[in-house]
Amino acid sequence: MSVRARYSAAVQRMGRSAIRESMKLAEKPGVISFSGGWPHPDTFPVEELRSICGSLLDGRHSSCLQYGSTEGAANLRAEVIAFLKSMGVTASENEVLITTASQQSIDLVARVFLDPGDCVAVEDPSFISALAAFRAHGARFLTVPMDGDGMDVSLLREELLRVREGRPAAGGALGGGAMAAERGAQSAPLPMPKFIYTIPDFQNPTGISLSVSRRRQLLEVAREFDLLVVEDVPYRWLRYSGEEAPLLASLDTERRVISLYSFSKIFAPGLRVGWVAADAGIVDKLVQAKQAADLCTSAFSQAILAAYLRGGALPARLAFSTELYGRKLRLMRETLEACMPALPGLSWTAPQGGVFLWVRLPAGMNAEALLVRSLRKGVAFIPGDGFHANGGSGETLRLCFSFPSEDDIRAGIPLLAGALREAWDELVMAGGTQ
Ligand SMILES: Cc1ncc(COP(=O)(O)O)c(C=O)c1O
């Protein structure tokens with residue numbers, strides 16, 4: 001019997017992430033990478049970390065090298081609760097769980113709520129690794145298109161009504177596409193979603209935020225259909241322009257919102273620390289799931305973060321990061337405007353924060369083929385299809401602006417524009433434009 005046949009159904013559903021695969025190409029020397037959503041190393045507080053680690057290791061704090069409680073270190077939870085309070089969200093100790101960063105929080109939510117065949121409502125497009133985690137637990141997706149104000153909540157409501165009444169999909173919101181056909185699962189009627197997964201602030205991959213009125217509308221729809229809402233907000237504090245919109249949790253009066261926070265983008269992803277804030281009963285179940293996953297989050301990472309937050313240096317660090325990334329975002333948009341050919345349908349988003357821009361290519365173009373051409377010129381990005389839960393059109397791609405240097409942005413965008421121009425000319429020659 002082959003090993004392959006012994007793999008669990010969950011493992012057989014898994015595939016390698018397009019992001020991780022493209023990042024391998026992007027890591028080749030000399031390649032300018034707009035691929036992974038990595039923070040820039042200049043934002044890492046290296047000196048403060050050196051001094052915090054020194055004092056943690058001076059012998060009086062050996063607990064930081066010990067196992068810890070699954071819920072998380074009490075001092076870090078207290079810091080996190082104070083941080084949430086400063087943002088208008090009240091949470092008590094039993095409503096907060098420290099996790100091994102947001103990806104684990106997503107996986108724990110999936111473990112706690114999903115059985116094979118269950119449905120999750122997601123933005124279209126959405127975060128590729130969240131889709132992978134939900135898929136690994138057998139989820140199917142109700143995809144909701146987005147516009148410049150984020151998820152189209154009216155369409156979400158229409159789809160939920162359709163699902164409730166057992167009417168067949170019109171073909172739009174369920175996406176269809178090659179991936180869906182391959183899995184052969186979309187033909188069965190979808191059940192009501194177990195939850196709505198949304199990234200309301202500077203979404204991965206589009207950079208778009210959910211407007212304030214849509215946030216209220218989303219909670220009304222969740223109430224009408226009695227659904228939970230999972231808000232994933234790792235980019236929330238990376239805002240460079242515009243007004244802050246309330247967290248869904250701060251608008252929620254019914255404890256329907258599960259909020260996933262992370263220190264990855266505002267401190268350092270290498271520490272692997274984030275937290276979940278939710279109703280105490282849900283947190284209790286997440287704790288049980290985490291016990292089976294990794295017993296506890298790294299005590300050393302938690303001790304570092306607790307000391308750092310206690311020292312009060314985070315606001316200044318955030319001011320530094322937002323200044324740096326705001327400049328890079330402006331530069332990337334200006335360079336795109338200056339260099340990209342004027343092609344029908346070519347457009348890109350105008351985020352007010354975060355680390356990503358989303359590009360729509362002219363109809364008929366293919367982002368994966370463009371990547372091959374672009375890599376030959378030394379520039380990497382992520383083709384968009386993997387972000388579409390039920391399959392995409394091949395005509396989208398994601399650019400990260402936080403990690404590349406300003407010189408890389410100045411040099412890389414013209415190269416990408418050149419690859420795009422060549423691909424377009426070839427498409428025109430082949431009569432493939434629409
Ligand atoms: C929307 C979103 N959620 C979660 C994560 C996972 O981040 P981490 O596990 O480092 O907190 C990412 C990472 O890019 C993300 O973009």
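A: In this predicted model, 8 strands make up an open sheet with mixed pairing, and their order across the sheet is 2-9-8-7-6-3-4-5. The edges are strand 2 (96-99) and strand 5 (150-151). Each of these two has a single partner strand, so one side of each has no neighbour in the sheet.

Within that order, strand 6 (residues 193-198) and strand 7 (residues 228-232) are paired in the parallel sense, over 4 bridges. In this pairing, Y197 is opposite V230 of strand 7. Helix 6 packs on the sheet and touches strand 2, strand 6, strand 7, strand 8 (257-262) and strand 9 (274-277). The direction of helix 6 makes about 155 degrees with that of strand 8.

One of its residues is A101, which has a positive phi of about 70 degrees although it is not a glycine. In general, most residues other than glycine have a negative phi. D107 is also in helix 6. Leaving out residues up to four places away in sequence, D107 touches A133 and H137. A133 is 26 residues from D107 along the chain, yet their C-alpha atoms are separated by 5.6 Å.

P125 is placed in the loop between strand 3 and helix 7 (128-136). The other bond runs from N204 to P205, is likewise cis, and has omega near 20 degrees. P205 belongs to the loop between strand 6 and helix 10 (212-224). As a rule, most peptide bonds are trans.

The ligand comes next. Helix 6 (residues 101-113) gives the largest share of the shell around the ligand, 4 residues. The shell holds 14 residues, and those that come nearest are D232, Y235, S262, S264 and R272. Sorted by class, the shell has 6 nonpolar, 5 polar and 3 charged residues.

Some side chains can be described by their distances to ligand atoms. An N or O atom in the side chain of D232 is 2.5 Å from a nitrogen atom of the ligand. For Y235, an N or O atom of the side chain is 2.5 Å from an oxygen atom of the ligand. K265 has a polar side-chain atom 3.0 Å from an oxygen atom of the ligand. The ligand taken alone exposes 390 Å², and the protein buries 91% of that.

Q12 is part of helix 2 (residues 9-13). Apart from neighbours within four places in sequence, Q12 is in contact with R4, A5 and Y7. Q12 and A136 are 124 residues apart in sequence, while the distance from C-alpha to C-alpha is 8.7 Å.

Terms used:
Residues numbered from 1 in each chain as written. Predicted model: local features only at pLDDT ≥ 70, side-chain atom pairs only at ≥ 80, totals over all residues. Heavy atoms only, no water. Near = heavy atom within 4 Å. Polar contact = N/O pair within 3.5 Å; in protein donor to acceptor, adjacent residues only side chain to side chain. Areas by Shrake-Rupley, 256 points an atom, 1.4 Å probe, with all protein chains shown as cover. Nonpolar A, V, L, I, M, F, W, Y, C, P; charged D, E, K, R; others polar. Contact = heavy atoms within 4.5 Å. Pairing = 2+ DSSP bridges. Axes fitted to C-alpha atoms, helices over the stretch in contact; angles between N-to-C directions.
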